[in-house]
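Subject: Structure for your review

Dear colleague,

Please find below the structure that I am handing over to you.

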Amino acid sequence: MLHIKCPHCGMRSQNEFSYGGDASVKRPELGKDISDQDWNNFVYNRKSLRGKHWELWQHLAGCRQWIKVERDTGSHEIFKTLKAEEEIS
Amino acid sequence: MQKYSVFSLIKNALSNHENWDLAWKDPTPKKEYDVVIIGGGGHGLATAYYLAKEHNITNVAIIEKGWIGGGNVGRNTTIIRSNYMYDENALFSEFGMNLWRKMSQDLNYNVMFSPRGIINLAHSDAQMNVYARRGNSMRLNGIDAVLLNREQVKEIIPMADFSENVRFPIFGGLMQPSAGTARHDAVAWGYARQADSMGVDIIQNCEVIGFDVSAGKIKGIRTSRGEIKAKKIGLCVAGSTNILAEKLNMTLPIETHLLQACVSEPVKPVLDNVVTFGAGHFYISQSDKGEMVMGGDLDGYNSYAQRGNLPTLQHVLTEGIAMMPFLSKLKMLRTWGGIMDMSMDGSPIIDKTHIEGLYLNCGWCYGGFKATPASGWTFAHTIAQDRVHELNAGYSLNRFNTGHLLDEKGLGTKTWIS
């Protein structure tokens with residue numbers, strides 16, 4: 001089982017969390033001209049590589065906050081967690 | 001090639017089975033091929049076989065990083081079905097069913113295809129209505145479908161929980177009697193043996209390191225065993241699709257996820273169909289050895305680990321026990337995981353790409369095994385003719401751009417939608 005350190009609540013087990021996908025995906029800015037390809041990249045296209053991966057999780061059965069988690073998709077090791085508003089450095 | 005038959009069995013028994021030919025060779029890669037298929041799984045091997053058989057293209061190599069049949073074709077729950085509502089999926093899968101029915105004869109290899117029927121259980125009136133609609137759609141496409149009421153289901157699978165005071169009572173089910181299971185490894189080995197006999201080079205322990213693309217055309221690949229030139233290259237690498245796509249600077253509507261399955265200890269025959277739980281995601285059948293073969297949801301997060309975590313397994317088996325309480329008495333024999341190429345609408349991609357001579361076969365999600373023959377057949381056609389066949393026209397890569405999604409179940413990478 002994964003153990004994820006929620007930046008708000010501390011170390012909790014995977015059961016309390018729901019997965020939200022790649023955290024590096026940026027929604028195209030509102031009010032700007034966006035090509036279909038930009039939208040396609042935002043909605044569907046993902047790198048999904050092996051190795052370190054920043055991803056969104058929601059602490060659904062806890063504080064209900066969205067958080068960012070840096071996890072290795074090969075080994076499942078978790079390196080770092082951030083609050084949703086914190087930038088990935 | 002030595003033909004497998006009862007006579008060859010008897011003949012070889014006289015020499016203590018020490019003189020059987022090798023089922024396939026272990027060739028050194030040539031400098032150049034007409035077609036290179038990357039990925040020696042079920043789909044890749046089937047593609048090579050149909051390239052040789054249907055299109056007379058035999059200067060073909062299959063490049064496999066590990067050993068053939070060592071990925072998802074060797075670790076699935078072996079279910080074969082065509083119980084789809086959308087025309088694209090139904091016609092494609094039913095075409096595959098016809099290939100399954102004659103596969104053992106076609107390949108001279110017993111794939112133990114067992115059309116034992118699949119039953120999707122319904123747990124509400126609304127779900128019965130949905131199943132009636134799907135069943136009607138299937139019949140319009142020439143696929144057998146039978147809507148069963150509660151009593152009929154009870155007759156076929158008496159060991160399911162038919163008590164009335166349960167969270168998900170059984171209202172009935174939709175059955176496809178011609179669906180079934182097959183011996184998964186035999187499918188890979190059967191295709192490999194026939195492809196090899198027609199001149200295809202099966203090259204194992206050969207990792208693709210990079211691609212040579214110039215002026216928008218594919219020229220060849222760089223591998224751990226040297227450079228190989230090819231006019232056409234087909235990608236059939238399932239869970240490794242994203243890794244190879246990155247080497248081509250392509251970003252695909254695919255995420256790589258982890259899917260677990262498990263088998264119980266072997267018991268006497270108790271279940272002679274494939275059964276799926278209608279109020280969640282759980283499927284079960286009994287192998288010829290007597291093991292209960294079970295599976296369900298993805299673990300839910302991107303993974304290349306090929307091993308799962310317990311919370312998902314517990315969730316899946318809770319559904320199983322709700323459906324068939326006797327399962328709680330069984331010991332678990334083995335659990336395992338594989339990595340799935342999950343597409344964003346839950347349907348596969350078999351298409352050309354923007355690079356001339358590069359073809360893509362991926363996005364099989366939960367249902368790659370049953371698609372093996374139809375996928376190989378249509379992918380071979382797409383490569384040989386440089387155009388998609390009408391059977392795989394719906395599986396285009398561009399559908400995500402144009403919005404023509406094939407969201408049969410709409411699951412894709414998001415397990416929580418179910």
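This is a predicted model: local features need pLDDT of at least 70, side-chain atom pairs count only at pLDDT 80 or more; totals for chains, interfaces and linings use all residues.

Residues are numbered from 1 along each chain as its sequence is written, chains are lettered from A in the order in which they are written, and side-chain values use heavy atoms, without hydrogens and water.

Chain A has one helix and six strands (DSSP runs, H or I of at least four residues for helices and E of at least two for strands, numbered from the N terminus). Along the sequence their pattern is β-β-β-α-β-β-β. The C-alpha atoms of chain A fill a box of roughly 40 × 30 × 25 Å along the principal axes.

The contact (heavy atoms within 4.5 Å) takes 22 residues from chain A and 25 residues from chain B. Together the two chains bury about 2,200 Å² (the accessible area, with a 1.4 Å probe, that two parts lose on being put together, summed over both). Of the area that chain A buries against chain B, Y19(A), Y44(A) and S48(A) supply 27%, more than any other three residues.

One salt bridge is counted between chain A and chain B (a side-chain nitrogen of Lys or Arg within 4 Å of a carboxyl oxygen of Asp or Glu). The side chains of R46(A) and E255(B) form a salt bridge at 4.0 Å, N to O. Strand 3 (18–22), helix 1 (36–43) and strand 4 (52–58) of chain A each supply at least two residues of the side that touches chain B.

Yours sincerely
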